[in-house]
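Please keep the sequence and the structure in view while reading.

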Amino acid sequence: MASVPNVPTPAAVDSQVDAPAAAGNSPHAPHSAERLDDIVALDALTLSDAIRTRRVSCREVMQAYLAHIAQHNAAVNAIVSLRDADTLLREADERDRQLAQGQYLGWMHGMPQAVKDLASCAGLPTRKGSPLTSTGPDAQDSISVSRLRAAGAIFIGKTNVSEFGLGSHSYNPVFGTTLNAYDTSRIAGGSSGGAASALAMRMLPVADGSDMMGSLRNPAAFGNVYGFRPSQGRVPYGPVPEIFVQQLSTEGPMGRTVADVARLLATQAGYDARSPLSLAHAHDPAQFAGALDRDVKGLRLGWLGDYGGYLPMEDGVMALCEASLRDFTEMGCEVEPCAPDFSMDRLWQTWLTLRHWLVNGSLGEMYADPARRDKLKPEAQWEVAGGEHLRAADVFRASIDRSEWYRSLARLFERYDFLLLPSAQVFPFDAQTHWPASVAGKPMDTYHRWMEVVIGPTLAGLPAISVPVGFDARGLPMGLQIIGPAQADLAVLQLAHAHEQRTQWVRRFPPAMLASGRTA
């Protein structure tokens with residue numbers, strides 16, 4: 001087999017390509033350490049093309065990733081519930097046999113994938129970071145996971161999360177703490193922290209995640225990768241018992257290139273009758289599988305900053321984000337400060353009411369049982385208790401306020417094509433700390449107040465991507481949110497792609513990988 005380039009470039013791959021040509025060598029051919037390093041270095045689309053054209057075998061890909069995980073996962077604890085290696089290699093061999101017979105399942109054919117441990121994946125347990133969940137394997141896939149399976153992915157395990165997805169720090173009593181790829185004494189963010197660290201450490205080619213309070217965006221910023229929260233309804237959620245009011249959280253893609261993120265979104269997105277609020281067939285997900293090149297000159301970008309001093313920011317966060325604004329202006333965009341005509345304190349109270357209400361609904365039965373309540377972390381108990389005394393009028397008022405917030409941003413989008421906002425208010429902090437007691441001298445009155453910066457796009461249901469914007473003097477990464485109007489997912493990805501071509505921050509490898517002598 002031909003060698004794989006050591007410094008690949010993204011290559012768009014259509015999922016409906018012709019069957020691959022016959023291989024020149026056996027899929028069981030010997031491999032070198034250098035070849036394994038080359039494989040895990042590939043971005044997802046280039047890896048997909050290498051498998052499709054049989055420049056690498058699915059067995060080689062699986063061997064490469066399993067070896068890489070064995071070397072690096074202990075440092076960050078990102079992948080959990082890892083399946084047996086021999087079983088995974090047999091599944092990879094089956095993918096190779098399918099290719100030899102002209103059967104190509106899709107762009108993820110033979111690619112290792114670890115599902116976020118909040119999503120159901122048949123054959124694997126979904127622990128959600130809690131001892132209150134079942135240790136037995138799930139019987140069915142979630143909608144999103146079923147689409148990854150149909151595209152050819154091989155599920156190797158799960159990625160670690162915060163308990164029940166609550167909090168932007170991925171620690172739990174079942175699997176422990178996920179650590180930051182760029183400083184393993186610090187947090188990876190959450191709740192998609194395992195996905196972000198696995199991507200940063202090149203232990204996965206691409207990753208799925210979900211986002212309620214920045215859980216795709218905050219870990220991406222802390223991991224120097226891309227995390228995209230799609231428009232509300234873009235990715236159908238379920239099957240779950242309640243399918244109408246759970247509208248704050250959405251599943252979405254993460255990756256090391258914007259093209260990879262877009263391609264995974266094309267697989268996750270699309271209407272499903274089991275999810276009645278998912279976007280209808282007219283919103284063709286194939287739009288995300290094409291080229292992302294776009295002339296961005298003349299685009300008008302509104303810089304929200306810290307909302308006029310409302311949000312406390314750790315020293316250095318604003319400096320990195322404001323420095324990144326020059327990248328946009330040098331790309332030909334017009335950037336100017338702006339502000340919504342809405343009280344940010346009112347927005348926070350809206351958030352507290354709706355989050356209390358939804359968490360109380362999902363965890364209320366556990367909380368009502370004293371034996372199970374004791375096994376919920378204090379922050380989860382606080383959320384449920386906060387919903388105990390809500391009145392119907394309180395929830396309806398919060399929904400009215402949420403609606404007015406959407407209209408406030410819609411007025412900004414009459415002037416600006418996109419809005420820009422930091423992805424976090426702090427850099428990754430010590431992993432032994434559950435959450436910051438204060439930020440820039442301002443006390444944090446809740447366990448998630450330090451992530452208030454992410455609630456705006458969530459409450460408005462808008463597409464938002466976190467793009468890397470560099471590192472502080474300690475080598476800690478930060479990200480910037482690009483926010484688009486409702487359902488302008490493709491446009492957000494196109495601007496992020498243009499920014500990526502200029503900056504290429506993801507090429508800066510985590511120190512733990514460089515120290516090992518393997519730079520893939």
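Predicted model: local features only at pLDDT ≥ 70, side-chain atom pairs only at ≥ 80, totals over all residues.

A residue counts as buried if its relative accessible area is under 20%. Trp-450 has a relative accessibility of 1%, so this residue counts as buried.

- Strand E11 spans residues 418-422, and five of its five residues are buried.
- The strand is covered on both faces: Phe-418, Leu-420 and Pro-422 are buried on one side, while Leu-419 and Leu-421 are buried on the other.
- Strand E9, residues 300-303, pairs with E11 in the parallel sense through three bridges. Within this pairing, Gly-302 has Leu-419 of E11 as its bridge partner.
- Strand E15, residues 477-483, runs antiparallel to E11 and is joined to it by four bridges. Here Leu-420 has Ile-482 of E15 as its bridge partner.

**Aromatic pairs**

- A pair of aromatic rings is described by the distance of the centres and the angle of the planes.
- The count of aromatic pairs comes to five.
- One of them joins Tyr-182 and Phe-471: the ring centres are 5.3 Å apart and the planes stand at 55 degrees, so the pair is tilted.
- Tyr-182 lies in the loop between strand E5 (176-177) and helix H6 (193-200), and Phe-471 lies in strand E14 (residues 464-471), so the pair ties together parts that are 289 residues apart in sequence.
- Tyr-182 and Phe-471 are both buried.
- Phe-429 and Trp-450 form an edge-to-face pair, with 5.1 Å from centre to centre and 80 degrees between the planes.
- This pair links distant parts of the chain, 21 residues apart. Phe-429 is in the loop between E11 and strand E12 (438-439), whereas Trp-450 is in the loop between strand E13 (442-443) and helix H14 (455-460).
- Phe-429 has a relative accessible area of 11%, so this residue is buried.
- One aromatic cluster is formed by Tyr-182, Phe-471 and Trp-505.

**Charges over rings**

- Which residue lies over the face of Tyr-367? Arg-373 does, at 4.2 Å from the ring centre.
- Lys-442 has its charged end over the ring of Tyr-310, at 5.4 Å from the centre of that ring.

Key: Residues numbered from 1 in each chain as written. Heavy atoms only, no water. Buried < 20%, exposed > 50% of the residue type's maximum accessible area, 1.4 Å probe, protein only. Helix = DSSP H or I, 4+ residues; strand = E, 2+ residues; numbered from the N terminus. Pairing = 2+ DSSP bridges. Phe/Tyr/Trp six-rings, centres within 6.5 Å; stacked < 30°, edge-to-face > 60°. Lys NZ or Arg CZ within 6 Å of the ring centre and 35° of its normal.
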